[in-house]
Amino acid sequence: MHAWPASEVPALPGSGRDLRIHDTATGGRVTLAPGPVARIYVCGITPYDATHMGHAATYNAFDLVQRVWLDTKRQVHYVQNVTDIDDPLLERAVRDGEDWTALAERETVLFREDMTALRMLPPRHYIGAVESIPKIVPLVERLRDAGAAYELEGDIYFSVAADPSFGSVSGLDAEAMRLLSAERGGDPDRPGKKNPLDPMLWMAARPGEPSWDGASLGPGRPGWHIECVAIALEHLGMGFDVQGGGSDLVFPHHEMGASHAQALTGEHPFAKSYVHAGMVALDGEKMSKSKGNLVFVSALRRQGTDPAAIRLALLAHHYRADWEWTDAVLSEAEERLARWRAAVSRPDGPSAEALVEEVREALADDLDAPRALAAIDRWAAAQTADGGTDPAAPGLVSRAADALLGVAL
Ligand code: 5CA
Ligand code: ZN
């Protein structure tokens, strides 16, 4: 699949700092030390509805990771998937009497437009689950042949017992895992499984549902976790720097993905760090396509909301916090955008070299975007109150907001 166009990342004087970030697997702060090419995999959308503020907040967090790395003069090898075949997508297509491929295509097009408008830097590889099936099938066969997977009434399950480090991403106990598995696409109560937590790798063709050639597996379609593993291994390999997504993906998705990859390769770890964004809520509940309590990026854009204001609304919250979308969040962001634009439109201003370092330091410190915004707020306030004499300052602030935060002033 093709991704979306990259917005320009202005060059800044000096160099950024290495990122210290919260790693779910160790439960603490780690200093990432990528090579000259940093490698990141971020789980993409399931395209059965439009991009909502929760998705946008999560992609904003990983866009900041990419921008911090670019500012350290590294290249970034970013891979993102599209879950373009899955139960909820098929259910929505049936509900609306629409062809599932047309639904997935339409929502993916809209997602690309939203990401472009929000100045999210595109992945180098943007890969669909369906186009990856020829890569997935041999992986499932290998797991089965190695005894790490077994058949149950034609379906193939992964055996979590095959990975000695199973549990090391989420650190959850068996009971918590069982509850989350039932909630998030697993089938812990299906009789005949070796372990209730074992996830499906390959689902034998069901009547009336799409299926693909599975070679020795028979016709069917892939399980969710193995899709992301196949794409990550193909384009990044083992031991990449960051596996990212929202906190609802910690278990089972990222736990199972790590176990699949570790059982396949005999190597550990799948990713060097696991980074998770908090959940955005609306009216007290997690924004989710299944519940329908959604604020869409595209709907706000259609109403004429400046995408830079949407981006500032996301940046005003720390990526690990759970937070609530409200109209006030957006209007505060619109006011901030107006203040910043007024401040950078003057011919000179207070010197901004120290400000750039403050923004760099805030982002390197577990992506503390609210602290970065506060620093720019202070510069804009000083500009308004006393002005300044540095003719380079407004341009530098404008370039820093764009390069480091993706906000075009
Ligand atoms: N296709 C899978 C990942 S392989 C998936 O989870 N798709 S999704 O469309 O449901 O979510 C896309 C991304 O947005 C995921 O990283 C998910 O964790 C994140 N996300 C979903 N809802 C929210 C929310 N309310 N707040 C923050 N992030 C969210
Ligand atoms: Zn995924």
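**Ground rules**

I noted that this is a predicted model, where local features need pLDDT of at least 70, side-chain atom pairs count only at pLDDT 80 or more, and totals for chains, interfaces and linings use all residues. Residues are numbered from 1 along each chain as its sequence is written, chains are lettered from A and ligands numbered from 1 in the order in which they are written, and side-chain values use heavy atoms, with hydrogens and water left out.

**Entry 1: ligand 1**

I stayed with ligand 1 and checked two further threonines. Thr46 has a polar side-chain atom 2.8 Å from a nitrogen atom of the ligand. For Thr58, an N or O atom of the side chain is 2.8 Å from a ligand nitrogen. I count a polar contact as a pair of N or O atoms within 3.5 Å; within protein, one must be able to donate a hydrogen and the other to accept it, and residues adjacent in sequence count only if both atoms are side-chain atoms. I then looked at cover: the protein hides 94% of the 600 Å² of accessible area that ligand 1 has on its own (Shrake-Rupley method with a 1.4 Å probe; for residues, only the protein chains shown count as cover).

**Entry 2: the zinc ion**

Which protein atoms are donors to the zinc ion (ligand 2)? I found Cys43 (SG), Cys228 (SG) and His253 (NE2), at 2.1 to 2.3 Å. Donors are N, O and S atoms within 2.8 Å of the metal (3.2 Å for Na, K and Ca); water is not among the atoms, so sites may look incomplete. The arrangement is tetrahedral because the four donor atoms subtend angles of 102 to 120 degrees (for four donors, all angles must lie between 85 and 135 degrees).

Cys43 sits in the loop between β3 (37-42) and α1 (53-71), while Cys228 is in helix α6 (residues 224-235), 185 residues apart. Helices (H or I, at least four residues) and strands (E, at least two) are DSSP runs, numbered from the N terminus. Both Cys43 and Cys228 are buried; buried means under 20% relative accessible area, exposed over 50%, partly exposed in between (1.4 Å probe, protein chains only).

**Entry 3: aromatic rings**

How many aromatic pairs does the structure hold? I read off eight. Tyr150 and Tyr157 are stacked, at 6.0 Å centre to centre and 20 degrees between the planes. Rings of Phe, Tyr and Trp (its six-membered ring) pair if their centres lie within 6.5 Å; planes under 30 degrees apart count as stacked, over 60 as edge-to-face and the rest as tilted. Tyr150 is buried at 9% relative accessibility, and Tyr157 is buried at 0%. Trp323 and Trp325 make a tilted pair, with 6.2 Å between centres and 45 degrees between planes. I also found Trp4, Tyr59, Phe111 and Tyr126 linked into a cluster by ring pairs.

**Entry 4: the backbone**

I came across a cis peptide bond between Phe251 and Pro252, with omega about 0 degrees; Pro252 lies in helix α7 (residues 250-265). Another cis bond joins His268 and Pro269, with omega about -5 degrees, and Pro269 is in the loop between α7 and β11 (271-277).

Is Ala215 buried or exposed? Ala215 counts as exposed because its relative accessibility is 51%. This residue has a positive phi near 50 degrees without being a glycine.

Note on methods:
Tetrahedral: all angles 85-135°; square planar, octahedral: opposite > 155°, others 65-115°.
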